[in-house]
Amino acid sequence: MGSLQLYLIVSLSWAFFFPYTHQLQSSQTQILLQIRKHLEYPSSLEVMNTFDGDLCNVSPSREMTIACQNNVVTELRIMGDKFVKFRGFNGVPIPNQTLSERFSIGSFVTTLSRLSSLRVLSLISLGIWGPLPEKIHRLSSLEFLDLSSNFIFGQIPPKISTMVQLYSMVLDGNYFNDTVPDWLDSLTNLTFLSLKRNRLTGQFPSSLCRIRTLADVSLSHNEISGELPDLSALTNLNVLDMRDNKLNSVLPVMPKGLVTLLLSKNALSGEIPKHFGRMAQLQHLDLSSNQLTRSPPPFLFNLPNITYLNLASNKMSGSLPNPLRCSTKLGYVDISDNKLTGALPTCLGSSSDKRMVKFGGNCFSSDLQHQHEASFCAESLTETGKSRRIEKLLIVAAFVSGAIILIVLLPFGLIFLYRRLCKRTVQELSVPPKVVQENSPAAVPSELLASARFISQAMKLGAQTVPMCRSFSFQELKDATKDFDKSMLLGEGSIGKLYRGKLENGTLVAVRCLPLSKKYSVQNLKVRLDVLSKLHHPHLVGLFGHCIEGDGHDYSTVKQVVLLVYEYVPTGNYRSLLTETYPEKVLKWSDRLTILIGVAKAIHFLHTGVIPGSFNNRLKTNNILLDEHRIPKLSDYGTSIITEEIEKHEAKGQGTKSRKNLVEDDMASFGSTDGRRRIVDPVVLTTCSQESLSRVISITKKCISTDVLSRPSFEDVLWNLQYAAQVQASTDAEQKSDSIS
């Protein structure tokens, strides 16, 4: 059912847009105008030239977003058009790429710092150049900082360490050329750190290993060298991207919860350690273009969630066991350009719609793909054997030398240790003991912990301190929606009416009125609502809180309406862009794929991140909202957690079967060129590559197969969409290169 709905995303259309209102202090307006002047009047801020009202009321766009609260600016996002980068940049301004010689980054940051309530600052591709001043730390309320794709060089200012509210710091695509800071552990709330595509040197900072909140670390495309340390303490780490650096150690201990590990194009050596077999969440592993040796361990191919495995261009030798067990989720394998011999295991023997395998450049006894003569790999084995014997001799010599040194120094060491312990004991007796409290999972009610049925992955991340779902009063929401006036009505569907609202503090919200036909105890319903509030994902609309109408009047049961207070997404929905008549807003095929992949990730999270999974998630194009960067967010999800009645209502189908017969008819027409022209949006036909579109058509056919057992899993659907997007990106890049040349 979910896969069928995923197809419908491509074909349906409908829309509504939300207005945005605020009132801004005149001093804040002047600061924004000064920022525009500092940035030399970029095209992304042209709207300021003609807009004579409150700048907080400017409609957010991909180029500019201004958000306000309590009459001050809290969010400023500006995206310029200076995308071309020069490797030869040496600190001197470049015409038409950087801002002019008149630009002063010091004065610019001074002006920025006057927006003292800023929580979100994003300045991308604006040609900003110069060393980042220490005074950036004056923006002490910042939670999100993104200065990507500019011309900022020098060191990352140490005083950023005082910006303890920072949740995300992104400095990609600049020219920072100092070492990676070793004070990063001062940022105790840091969750996302990305310093990709700079000129950073030195070793991997040990301070990162002490930031327990880290979920995503990307330091790829720099010149970081030396050893990669033990990272097992980073229990919340999901993504580690260290591609294209100069790391030259063996593979260290990794966190068991890693989902994506990218270490290609380094000088990592040794064999893949056994503890990689315990990384049950790992989906994407890229160790290509290193100096890894020995045979690939069989467990890598059968990790429970592995979808992408790249071990190409290493020094791996020996043979793979046959039969070899491959995970059903494994969709891409690359073991090419190694020194592997013997028979190719059956599960890697042929590529299919479900799995692509690259194994050329080895010595397999196979006629498929290019294989070297057996002697080519035999020479490698001989060299490897010699080097291992030398390594053993060196180890023995080191052991003997170490033993001699230990015998000589042991008496002195015992004397030093005795004196140190005596001194420490005296110091400890003079210092009062500290009281340490255990940290329990953040905001998890005891009723919820007692019921395994409603435990979600988000709740397990206690270190991220997810806030408790707020309880609103009915009067608050009446005031916010002007007594639920018709002018505030955004829409009405089978699960209730949706209103626009503005809270007393200026925050815009969307309020869903959810009628219940089943009675619940107030306590039971609050537990269910709190579970729903814990479903946090980048592609889900955030739930701020709720109101149980009648709460406080009837302590035993509630039978009428629950009001859900959601994050307000003002840009519009996916359906509106499918029917858009303005050429500049039409979605190309690559844009649609990006949106579909985001939605698929959200649905996959709802299916697997909750026990039991939330499967009826209102997957319609008008429920897919898009933010100012066209990042999709699914709304009205998980309502089955609150009431089974909605789930039963959805289970009746209400036209799903008839739509499925229509989809099957359309699928039959895809075989011919005329059929595709008749069915597929002309914009898609003119902006897609044949291979990318065919991949999506193929997986769609499988989704609506009459044979239930032959339908793909959601992981397969997601992998195929991502593969189609990669193919399309390659085609677009080639076309762009051809047009430039």
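This is a predicted model: local features need pLDDT of at least 70, side-chain atom pairs count only at pLDDT 80 or more; totals for chains, interfaces and linings use all residues.

A: The contact has two sides. From α2 come I31, Q34, I35 and H38. From α4 come S107, F108, T111 and L112. Sort these residues by class, and the contact of α2 with α4 has four nonpolar, four polar and no charged residues.

Now place the helices. α2 covers residues 26-38, and α4 covers residues 105-112. Their axes come within 10 Å of each other. The crossing angle is roughly 160 degrees. Angles over 145 degrees count as roughly antiparallel. So α2 and α4 are roughly antiparallel to each other.

Next, the loop. E40 is found in the loop between α2 and α3, and α3 spans 47-50. Look at the backbone of E40. Its phi is positive, about 60 degrees, although E40 is not a glycine.

N71 is found in the loop between β1 (64-69) and β2 (72-79). The phi of N71 is near 70 degrees, a positive value in a residue other than glycine. With 36% relative accessibility, N71 counts as partly exposed.

A cis peptide bond joins N322 and P323. Omega there is about 15 degrees. P323 has its place in the loop between β19 (317-319) and β20 (332-334).

Notes
Residues are numbered from 1 along each chain as its sequence is written. Side-chain values use heavy atoms; hydrogens and water are left out. Axes are lines fitted to C-alpha atoms, for helices over the stretch in contact, and angles run from 0 to 180 degrees between N-to-C directions. Helices (H or I, at least four residues) and strands (E, at least two) are DSSP runs, numbered from the N terminus. Angles under 35 degrees count as roughly parallel, over 145 as roughly antiparallel, 65 to 115 as roughly perpendicular and the rest as oblique. Contact means heavy atoms within 4.5 Å. Ala, Val, Leu, Ile, Met, Phe, Trp, Tyr, Cys and Pro count as nonpolar, Asp, Glu, Lys and Arg as charged, and the others, Gly among them, as polar. Buried means under 20% relative accessible area, exposed over 50%, partly exposed in between (1.4 Å probe, protein chains only).
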